[in-house]
Amino acid sequence: GAITIRSLFQPMIFFSAITILIYVGIEFGTSNWISEYFVSVLGTSKETASFTVTLFWGGILAGRILVPILARRMSLTNQLITLSLLLTLALFLAIMFVLPAAATVGFLLTGIGCSAIYPLVMTLVGQHDTQNQSVYLGIVSTGGGIGSFLFPFGMALISDAVGLRGGFAFFGVTGLVMIFAAFGIRKEVLKRSR
């Protein structure tokens, strides 16, 4: 069928684009700023800071491999909500702690939270409307491009005003919006399956 402007504002596509925009923004922003955060806020060595970035990406890799295996009995929407919750809570935990070791664990868990959000959302969008699949996937992935562009700006502005911890808190707050959007995706998927 023809794509109308109205179809671009379908709740499923809207919630998915918001989820991807925020997820990409947080992943991109976190990986760019962890090192600086550890050195300037927590006072660690550059080596420790680099190691934490590696652990963050290790968490993403581990989650990409393990989530589909460990959570295979969970619906895709519940996996998405669980990872969104983990990502957001872990990020808040990471910046609450002043002990570098505790913050490191927080960022590792943030990485695991980030891990499968992108493939889960894309799979759900693909299943949502097979006829207009490629257009919808294009719209949703564009959200990611916007997130990777906007979040570093937001982080820089907030960090200049209130410090890096405040910048990471901004990521956490947007994570709350992502959780809401993930619940929105589940609602749309359940509506369709009735």
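Helices here are DSSP runs of H or I with at least four residues, numbered from the N terminus. This is a predicted model, in which local features need pLDDT of at least 70, side-chain atom pairs count only at pLDDT 80 or more, and totals for chains, interfaces and linings use all residues. Residues are numbered from 1 along each chain as its sequence is written, and side-chain values use heavy atoms, with hydrogens and water left out. Lysine 191 and glutamate 188 both sit in helix 8, 3 residues apart, which is about one turn of the helix.

**Salt bridge**

- The side chains of lysine 191 and glutamate 188 form a salt bridge, at 3.2 Å from N to O. The term covers a side-chain nitrogen of Lys or Arg within 4 Å of a carboxyl oxygen of Asp or Glu.
- A search of the whole structure finds 1 salt bridge.
- Glutamate 188 counts as buried because its relative accessibility is 10%. Buried means under 20% relative accessible area, exposed over 50%, and partly exposed in between (1.4 Å probe, protein chains only).
- Lysine 191 has a relative accessible area of 43%, so it is partly exposed.
- An α-helix has 3.6 residues a turn, so residues three or four places apart point the same way.

**Nonpolar core**

- The largest nonpolar core holds 47 residues. Such a core is a set of buried Ala, Val, Leu, Ile, Met, Phe, Trp, Tyr and Cys residues joined through side-chain atoms within 4.5 Å.
- Tyr37, Phe38, Leu80, Phe107, Ile117, Val121 and Phe168 have the most contacts inside this core.
- Two or more residues come from each of helix 2 (11–40), helix 3 (46–70), helix 4 (76–96), helix 5 (100–114), helix 6 (117–128), helix 7 (133–162) and helix 8 (164–193).
- Helix 2 contributes the most to this core, with 12 residues.
- Leucine 80 touches Thr19, Ile117, Leu120, Val121, Leu124, Ala182 and Ile185, leaving aside residues up to four places away in sequence. Contact means heavy atoms within 4.5 Å.

- Helix 4 has 21 residues, which should span 30 Å at 1.5 Å a residue; its end C-alpha atoms are 30 Å apart, in agreement. The expected span is 1.5 Å times one less than the number of residues.
- Buried residues of helix 4 include Thr77, Gln79, Leu80, Ser84, Leu87 and Thr88.
- The cover over the buried residues of helix 4 includes helix 2, helix 3, helix 5, helix 6 and helix 8.
- In helix 5, Ala103, Thr104, Gly106, Phe107, Thr110, Gly111, Gly113 and Cys114 are buried.
- Helix 2, helix 3, helix 4, helix 6 and helix 8 are among the cover for the buried residues of helix 5.

**Helix 7**

- The 30 residues of helix 7 should span 44 Å at 1.5 Å a residue, and its end C-alpha atoms are 42 Å apart, which agrees.
- Its buried residues are Tyr136, Val140, Gly143, Gly144, Gly147, Phe151, Gly154, Met155 and Ser159.

**Methionine 178**

- Methionine 178 lies in helix 8. This residue counts as buried, at 0% relative accessibility.
- Methionine 178 touches Thr19, Ile22, Tyr23, Ser84, Leu87, Thr88 and Ile117, not counting residues up to four places away in sequence.
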